[in-house]
Every structure is written in C-alpha cells, then in structure tokens.
Amino acid sequence: MTDLSGQVALVTGASRGLGKGIALVLAEEGANIVVNYRSSKKEAEETAEMIRSLGREALPIQADVSNAEDVAKMFIEIQSCFQKIDILVNNAGTTQAKDIFEINEQDWDFILDTNMKSCYLCSKEAFKMMKHRKRGRIINISSVVGEQGALYGHVHYATTKSGMLGFTKTLARTGAPFGITVNAIAPGIIETELLIQTHGREKVDQLSKQVPLGLGTPRDVGCAAAFLCGEGARYITGATIDVNGGMYMR
C-alpha cells in the first residue's frame, strides 16, 4: 500500500485502541515505531512485541504528553535511539460522558490538556527534528464530533477535536516551507476499549445502526494514516480525512 521502510514514527497513546491499530499498520508498511504510553506499560510492551514480530524496531516510551518536561525527555530519547523522526501521529486522548452542567473546571482542563495541549507540545518538538531534513509528516487524530458536534454532551471533548482541525490547518502553513505536511483524520464510531468503557456496549450497538457502514476498526484509521505518510500524499496538507463509514457526509 505505502512504503515506509526505514522511517521512524512516533504514535502517542499507542499502547491500545486506536493508537495501537495505527502503530501496527505503520509497522506493516515498514516504519519503526516509538510506542508512547502514559500508564499502560504492559499493553505498550505487548504492542511493541507485535511490532517487532513484523520485523520492525519498537521503542516503548512512558511520557505524559500533556507535560512539557516529559515530552522533551521523550524526544531526547528518540534522537538518541534513531537520530530522526519522520512521522508524528498525535493520537493520545480521552473523554468523559458528561455534559456542560456536570463538567467542572478540573474536568475541562484535564480533557483540553490531554487532547489538545499534547498536540502542541509534541508537534513543536517534532518540528525541531523534521525541519532540518526538509521532510516530515504530522497527523492529528480528531473526530467526527469536531465537525458536527457531539450528540450526547462531551462538550469539552468536542471542543478539543474541533480545535485540532484549526491547529492542523495553521500548522500546515508553518510546515510547508520545510517539506512538512500536517493533516487530520476525523474518525467516526471506532470500536475501541475506550468507546465501550465510555458509552457501554448497548449504546454503542445502537449508535452503530445509525452508520451506513457500521462500526469502524482501528485498522481503518491506521490505513488512512499510512496513506497520509506516504509519497502518494506528498501534495496533501491542511486536509481532514473522514473515516466515519458515512456517519457524516460533507
């Protein structure tokens, strides 16, 4: 599909779910993977072993990507191990099943830091390493709710995912002179552990019936990410790729 042989990709929040699926597809296409995780060490090691079984290098790194010091240390380790970074996938994120009347200031700050501040911190460090080589790929994992709004509360989550789209477009202009493309992927209902934990199995099944192609998989998102990382997408930047099974059409 896409030849990423010899490239180094950092996928944040890659120990499970969407991030794991993206990391595995990029590894299948030839990339060596930095598996970032915050607390799921066992799952991160399992993801790394799966990547190694594909014949690629895998480096698990624990870092809270909403913390500037952690992010700086992570990129120092990447520089030490690989001397470069070709691909950054800003995937780390979380949500809460709360509406505006239930959210407190701590909830708001936590979601914005985890989902949005992390993109800023990681992108800034990646830019430092990419711009001198005149090439790089940054992909921000947004959501369909960033385009149409969330149906059941989640106002802080929807805010971050919408903000990522503006962040993507602006960063794409910054990166263009350095050969760095910046794009977003807006997944729809993707079956992950977080989705089930947040909404429950029954509600997820109900939601899937509203989507023409039903539930998506992490691999579906990973395939879109792999395309954006390849030479076939060299002239695509500032774009949002919808991977939502027809849930939202524009």
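Cysteines and overall fold in a predicted model

Biologist: How do you know that the sulfur of Cys 223 is too far from the closest cysteine sulfur for a bond?

Modeller: In this predicted model, the closest cysteine sulfur to that of Cys 223 lies in Cys 229, at 12 Å, which is too far for a bond, since a disulfide calls for two cysteine sulfur atoms within 2.5 Å.

Biologist: Why is Cys 119 called buried, and why is Cys 223 called partly exposed?

Modeller: Buried means under 20% relative accessible area, and Cys 119 has 2%, so Cys 119 is buried. Partly exposed covers the range between that cut-off and 50%, and Cys 223, with a relative accessible area of 23%, is therefore partly exposed.

Biologist: How do you know that the radius of gyration of the chain agrees with that of a compact globule?

Modeller: For 250 residues a compact globule would have a radius of gyration near 18 Å, and the chain has 17 Å, so the two agree. The C-alpha atoms fill a box of roughly 45 × 40 × 40 Å along the principal axes, and buried residues make up 52% of the 250 residues.

Biologist: Which helices and strands does the chain contain, by number?

Modeller: The chain has nine helices and seven strands, and of its contacts with a separation of 6 or more, 76% join residues 24 or more positions apart.

Notes:
Residues are numbered from 1 along each chain as its sequence is written. This is a predicted model: local features need pLDDT of at least 70, side-chain atom pairs count only at pLDDT 80 or more; totals for chains, interfaces and linings use all residues. Side-chain values use heavy atoms; hydrogens and water are left out. Helices (H or I, at least four residues) and strands (E, at least two) are DSSP runs, numbered from the N terminus. The radius of gyration is taken over C-alpha atoms; the globule rule is 2.2 Å times the number of residues to the power 0.38. Buried means under 20% relative accessible area, exposed over 50%, partly exposed in between (1.4 Å probe, protein chains only). Contact means heavy atoms within 4.5 Å.
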